[in-house]
Amino acid sequence: MSHDDRRRAPRVFHSLRATLEWSTGETEAVKTIDLSSSGALLDVSRPGPLDQSVKLRFEIAPQLENHAAGLIKRCLPAFGGRRYILAVAFNESQAALYQTACTRETLLESASAGKQLL
């Protein structure tokens, strides 16, 4: 982590599919933009109020999920208000989820580098 990075936990820019459950019980399919062990930045279809509780179910592998709960800490419009960027702080550390995303990103980078060599 660089000295300029003020975040408590390092982030990985990786897209994981998840299901977001709003406090109303409604759900929607979302994707991460980045994530750390302490939170995630999500691409969502509607805005959410700050400090609202949400639940997330991440698809790690076929028939393997990771559940996390957290609070909305930031919500910004994107694409002219057609989508929203939602920052969620997890209630508990999600170190295993973060490590999974890091491993997947490393594998994707390695595969991409191998294709460039061909």
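Glu26 lies in the loop between strands S1 and S2, where helices (H or I, at least four residues) and strands (E, at least two) are DSSP runs numbered from the N terminus. The model is predicted, so local features need pLDDT of at least 70 and side-chain atom pairs count only at pLDDT 80 or more, while totals for chains, interfaces and linings use all residues. Residues are numbered from 1 along each chain as its sequence is written, and side-chain values use heavy atoms, with hydrogens and water left out.

At 41% relative accessibility, Glu26 counts as partly exposed; buried means under 20% relative accessible area, exposed over 50%, and partly exposed in between (1.4 Å probe, protein chains only). Leaving aside residues up to four places away in sequence, Glu26 touches Leu20, Glu21 and Arg46, contact meaning heavy atoms within 4.5 Å. The side chains of Glu26 and Arg46 are joined by a polar contact of 3.3 Å. Such a contact is a pair of N or O atoms within 3.5 Å; within protein, one must be able to donate a hydrogen and the other to accept it, and residues adjacent in sequence count only if both atoms are side-chain atoms.

The hairpin of S1 and S2 has five residues between the strands, and in this hairpin Gly25 takes a positive phi near 95°. S1 and S2 run antiparallel and are joined by five bridges; two strands pair if DSSP finds at least two bridges between them. Glu21 stands opposite Thr27 in S2. Thr19, in strand S1 (residues 17–21), is buried, with a relative accessible area of 17%. Beyond residues up to four places away in sequence, Thr19 touches Thr27, Glu28, Lys55, Leu56 and Arg57.

Strand S2 (residues 27–35) and strand S3 (residues 39–44) pair in the antiparallel sense over four bridges. Asp34 stands opposite Leu41 in S3, and the bridge partner of Leu35 in S3 is Ala40.

Six strands close in the order S1-S2-S3-S6-S5-S4, with antiparallel pairing. The twist averages 45° from one strand to the next, with axes taken as lines fitted to C-alpha atoms, for helices over the stretch in contact, and angles running from 0 to 180 degrees between N-to-C directions.

The largest nonpolar core has 24 residues, of which Leu20, Leu35, Leu42, Leu56, Phe58, Leu86 and Phe90 touch the most other members. The elements that give two or more residues to this core are S1, S2, S3, S4, strand S5 (64–78), S6 and helix H1 (95–117). A nonpolar core is a set of buried Ala, Val, Leu, Ile, Met, Phe, Trp, Tyr and Cys residues joined through side-chain atoms within 4.5 Å. Apart from residues up to four places away in sequence, Leu35 touches Pro10, Arg11, Val12, Leu16, Ala40, Phe90, Leu97, Tyr98 and Ala101.

A search of the whole structure finds one aromatic pair. The rings of Phe58 and Phe90 have centres 6.3 Å apart and planes at 90°, so the pair is edge-to-face. Rings of Phe, Tyr and Trp (its six-membered ring) pair if their centres lie within 6.5 Å; planes under 30 degrees apart count as stacked, over 60 as edge-to-face and the rest as tilted. The pair links distant parts of the chain, with Phe58 in strand S4 (residues 53–61) and Phe90 in strand S6 (residues 83–90), 32 residues apart. Both Phe58 and Phe90 are buried.
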